[in-house]
Amino acid sequence: MNPKQREYRMLNQHALKGQILFVGSSLMEGFPIYEMQLTLNLGLDRVIYNRGIGGTTTADLLQSMDDCIFDLEPSKLFINIGSNDIAGAGTEGYSKDTLLVNYNNILNQIKVRLPQCEVFVMAYYPINAQADFGLDITEKKSMFATRTNANLLEANEAIEQLAKQHGYSYINVNEGLADENGNLMPEFTVEGVHLWPNAYTVILNNLKRHL
């Protein structure tokens, strides 16, 4: 079991049911929503919990649904999972079909076990493979081999349709993150993929109306 999953299992014993939940990989785990909900006036009567786990794929989430989702019995769920699939983190590399099969399985389980939950399938964030973040050439080539903006956009179209099939909301909260060429703006990203807190400020501003 992933140490973070083990941590969440323990934390869930102290969590309130029926709250708002963020779940996904590192791009969700890195969302500093705890600090933001304490300092920003979000006007919420519910707590936001974050159960993102860095490095996870859709297949990994399927193995941790109880600890990351179901034990909390959320009333609203925001999910951003699959960017690691697109990066080729699976054993077979990137397959859009496999991504969609797994994502569909995730949403099916949520539909069965949390029929009253309001679910928001989030668009994948753009990346920046152009700017110089000091990465080793080999590392950079590997990082962006299949994690491209073109693949991310194609996957976004596919998960939008998947969300509709399940009667869930697909939301794109990326406005203000990318430049005119569609690349994630350098000031928002650590190395072209992961985000600094200032990027999450933009995302939260776009997300607020759904909370």
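At 27% relative accessibility, E160 is partly exposed (between the limits for buried, under 20% relative accessible area, and exposed, over 50%, with a 1.4 Å probe and protein chains only), whereas K164 is exposed at 52%. In this predicted model, local features need pLDDT of at least 70 and side-chain atom pairs count only at pLDDT 80 or more, while totals for chains, interfaces and linings use all residues. Residues are numbered from 1 along each chain as its sequence is written, and side-chain values use heavy atoms, without hydrogens and water.

E160 and K164 form a salt bridge with their closest N and O atoms 3.9 Å apart (a side-chain nitrogen of Lys or Arg within 4 Å of a carboxyl oxygen of Asp or Glu). Both residues lie in helix α9, four residues apart, about one turn of the helix. The buried residues of α9 include L152, A155, I159 and L162, and among the elements covering the buried residues are α7 (96–113) and β4 (118–122).

D67 and R9 meet through their side chains in a salt bridge of 2.9 Å, N to O. Because D67 lies in helix α5 (residues 65–68) and R9 in helix α1 (residues 3–11), the pair ties together parts that are 58 residues apart in sequence. D67 is buried at 3% relative accessibility, while R9 is partly exposed at 41%.

D66 forms a salt bridge with R113, again with the closest N and O atoms 2.9 Å apart, and this pair links helix α5 to helix α7 across 47 residues.

Terms used: Helix = DSSP H or I, 4+ residues; strand = E, 2+ residues; numbered from the N terminus. Contact = heavy atoms within 4.5 Å.
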